[in-house]
Structures are given as C-alpha cells and as structure tokens.
Amino acid sequence: MTIEKIELFLCRLPLVHFFETSFGRSYDRTFVLVRVEGGGHEGWGECVAEANPYYSSETTETVWHIISGFIAPLVIGRRFDHPREVYPALRRVRGHNMAKAGVEMAIWDLFARSHDQPLSKMLGGTRQRIASGVSIGIQDSLDQLLEKVAKELAAGYQRIKIKIKPGWDIEAVERIRARFGNIGLQVDANAAYTLADAELLAKLDPYQLLLIEQPLDYDDVMDHVALQKRIETPVCLDESIHTVRIARDAIEAKACQIINIKPGRVGGHQASVELHDLCAANGIPVWHGGMLESGIGRAHNIHLASLPNFSLPGDIAASKRYYEPDLIDPPIDIDAAGTIEVPTGPGIGVNIVKERIEKATVRHLTL
Ligand code: OSB
Ligand code: MG
C-alpha cells in the first residue's frame, strides 16, 4: 500500500473533570490527530503529546513540526507491505516517539481497514474484552479523593490508581485502605521523588499496593534499581521506558517488576508489540497506560491491550470520564464487571464523528 496523503488536526477539548498530577492541573486537552489516506481507505491516529513538555519533552507543536517537516516526507508516496515496516522507516529521526506513533498507528488502522480486519487481530490480540482501571488525579482534599474512589468503584472499575506527590502520598493510601479495604490499588508519582525519599516510600510497604509507578526521574534506570532494593512495593516504570532497548536494560538491571506500555511513548504499535513480547519472555507483566486520549487514541489502546501479556487492568476507562461528547459515537463504555469490549469492526472499529473533530480543530494541515 502506498501512503498518498497525511492530514494533521490540532484539536482542543475541555475535560469533564480537571486532572492533576505531580506536574500540575489541566482543565482541557490539546492534541494532534493524524489522518492518512491510501488505496481508497483512510486511517486515524492520535498523538499523545500535550501542550506542555512536562510529562514528556514532546509537545503538540514539536509533533506538528516533526511530522510535517521530517516524518511526512519519509512516508508520503512510499509503499509499505505491512505497517510493521513504518517504525524502522522513521529511524533517521531520533526520538520524537509521540510524533512517530501518531502516524504509525494511523497506518495500522488504514491497513486493518483495507484488509477488513479488526486492528486487534492484526496486532496479535487474544482477548475479546479488556480489564479496566481508573487513574484518579490529585484532588483539593483527601475527602474529595475518597468520594472519587467510591464513585469509580461503584461504576465497576477493577482497580484504582491514585496520583501521588510529596505531601499527598502515605495518608491518602492509608485513608483509602481504611475505608475500602482490600481493593486493587496502585500509585503513580510521575517522577516526583528522589532516592533520598526511599525511607518515606518504604512506608507504603504495609498497604499491599499492586505497584508504585515511576517514583524517580523520567530518564532514570539505576536509582530505581537501588530503590527497589529498599521497598517491597513492586516498582513499575512509565516515563523511563522510551524504547524497547531501555526496557531490556531496565529488566536486566532489575529496575522494575512491571512495565506500563503507552504506544505514544515508545513510537507506536510495532514497538509496543515488541516491548510486550520482551516483557512476556522475561516474566514481566505489563498493563496499558493512558494519556487522557479522545476516543480515537482510546480505541487504538483497547486493541493493543487485547494482547495476552496485558495481565493487569489498564488506565483505559470510559469516554465519559474525559470528554462529553467524545469524538466517536457510540462512546467507549465499561460493563458491570469493569471490562471494555474490543471493537470487532474493521480497523479501530469505532465511528468517528467528523463534525465533532471539525468543531474541536484549531489548525489543520494537508501534506
Ligand atoms: O503518568 O500515566 C500517567 C495522564 C497524562 C499523562 C501521564 C499519565 C496520565 C494518567 C491518566 O495517569 C491515565 C488516563 O486516564 O488516561
Ligand atoms: Mg504514569
């Protein structure tokens, strides 16, 4: 298949609820959608870079620059026999995984649609439904946090993740355990601590958390090795895992026992499948992270999370927690058991509402 055209849409949507991490609070989300055309079909992808460079050094503006200036020329007019060839074809461009992933994932959708197959099948997925968890941001008070947890448990979510930072950590976990007992519970620090906090983080040991996500710096491996020796809670890496090679090193060094996969962070579906397989071969469970995606990125995530080693509930939740309305119709929803159905239609298998994309678009470019 030859890729004939790439379109970029810079979109902004208000969030249903603000989302606060250790880097700050957001009330809306700015993101880039990618549409590709080839062989009479289209494919859609979503870049997870944010307006600011706080979770990752990429931003919506770097994604725009890198795709239009460097990725599009490597892709447009070029023939690919399989979407697994796209990521290696972008090798000249160093880093910029979120920009690469937006284009690569759109091309996976295009191929799956043109073969009239669900994306999960092309990726090697084995599940019809995926286990769903929620990520709950930092709130104005611990009482508000407890109310949020109660609401999400009542909705059926299989596990709760809370964001932590110095001053919003041990007591939050203690209060949740005291009120809700033995629920599936994990915490995400988004790199808010240093190795000097090891003693503090060891205070989480008695609470039987499923994991602590990215306690230390975004580019660190070896301090996590040292930390894991001093705490019982399994360390899970998110920000540190930029490539399959870094994952190999982190596993070898015992920096983590679990890995969070976000296709945007590692360069798309092909790299994610390789990372998934590497973890499976080393007995490292994985789960699917989230970046507050619209229904387009969310649908991609659901297909990827249908692979067998995604054995812990992910941060892929119902559309209505994020955007109302979502860019797809019907929106993504969970059932009473806290699972989400993997769409069975061609490609990402969701109906994209183009009028809603148009309304959310602040800039558009055709390449
Ligand atoms: O670290 O997992 C993270 C959102 C934005 C940036 C980073 C992270 C997150 C989340 C939200 O935790 C997950 C979601 O609900 O999409
Ligand atoms: Mg995280």
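**Close-up views of cavities, ligands and backbone**

What you're looking at is a predicted model, in which local features need pLDDT of at least 70 and side-chain atom pairs count only at pLDDT 80 or more, while totals for chains, interfaces and linings use all residues. Residues are numbered from 1 along each chain as its sequence is written, chains are lettered from A and ligands numbered from 1 in the order written, and side-chain values use heavy atoms, with hydrogens and water left out.

**View 1. The second largest cavity holds about 30 Å³ of space.** Its lining is made up of V48, A49, E50, N52, Y54, Y55, S56, E58, M98 and M291. A cavity is a set of points on a 1 Å grid over the protein atoms alone where a 1.4 Å probe fits but cannot get out, and lining residues have an atom within 4 Å of a point. Grid points are joined across faces, edges and corners, and the volume is the space filled by probe spheres set on them.

**View 2. The largest cavity has a volume of about 70 Å³.** Searching the whole structure turns up two cavities of 30 Å³ or more. Fourteen is the count to keep in mind for this lining: of its 14 residues, E46, V48, M105, G264 and E293 sit closest to the centre. At least two lining residues come from each of strand 3 (41–47), helix 3 (97–114), helix 10 (263–266) and helix 12 (295–304). Helix 3 gives the largest share, with four residues. Helices (H or I, at least four residues) and strands (E, at least two) are DSSP runs, numbered from the N terminus. By type, this lining has seven nonpolar, four polar and three charged residues.

**View 3. Ligand 1 sits in a shell of 15 residues.** The closest ones are S135, K163, N190, L292 and Y322; a residue belongs to the shell if one of its heavy atoms lies within 4 Å of the ligand. Seven of the shell residues are charged, five nonpolar and three polar. Polar contacts (pairs of N or O atoms within 3.5 Å) show up too. From oxygen atoms of ligand 1, a polar side-chain atom lies 3.1 Å away in K161 and 2.9 Å away in K163, and an N or O atom in the N190 side chain is 2.7 Å away. On its own, ligand 1 exposes 390 Å², and the protein buries 99% of that (Shrake-Rupley areas, 1.4 Å probe).

View 4. E213 in strand 8 (residues 212–213) and D238 in the loop between strand 9 (235–237) and helix 9 (244–253) link distant parts of the chain, 25 residues apart.

View 5. Most residues other than glycine have a negative phi, and most peptide bonds are trans. Cis peptide bonds, with omega about 0°, join E324 to P325 and D329 to P330. P325 is in the loop between helix 12 and strand 12 (339–341), and P330 is found in the loop between helix 12 and strand 12. D116, not a glycine, has a positive phi of about 55° and lies in the loop between helix 3 and helix 4 (119–123).

Key: Polar contact = N/O pair within 3.5 Å; in protein donor to acceptor, adjacent residues only side chain to side chain. Nonpolar A, V, L, I, M, F, W, Y, C, P; charged D, E, K, R; others polar. 1 Å grid on protein atoms, 1.4 Å probe; cavity = no way out; pocket = protein on both sides within 12 Å on 5 of 7 lines; lining within 4 Å.
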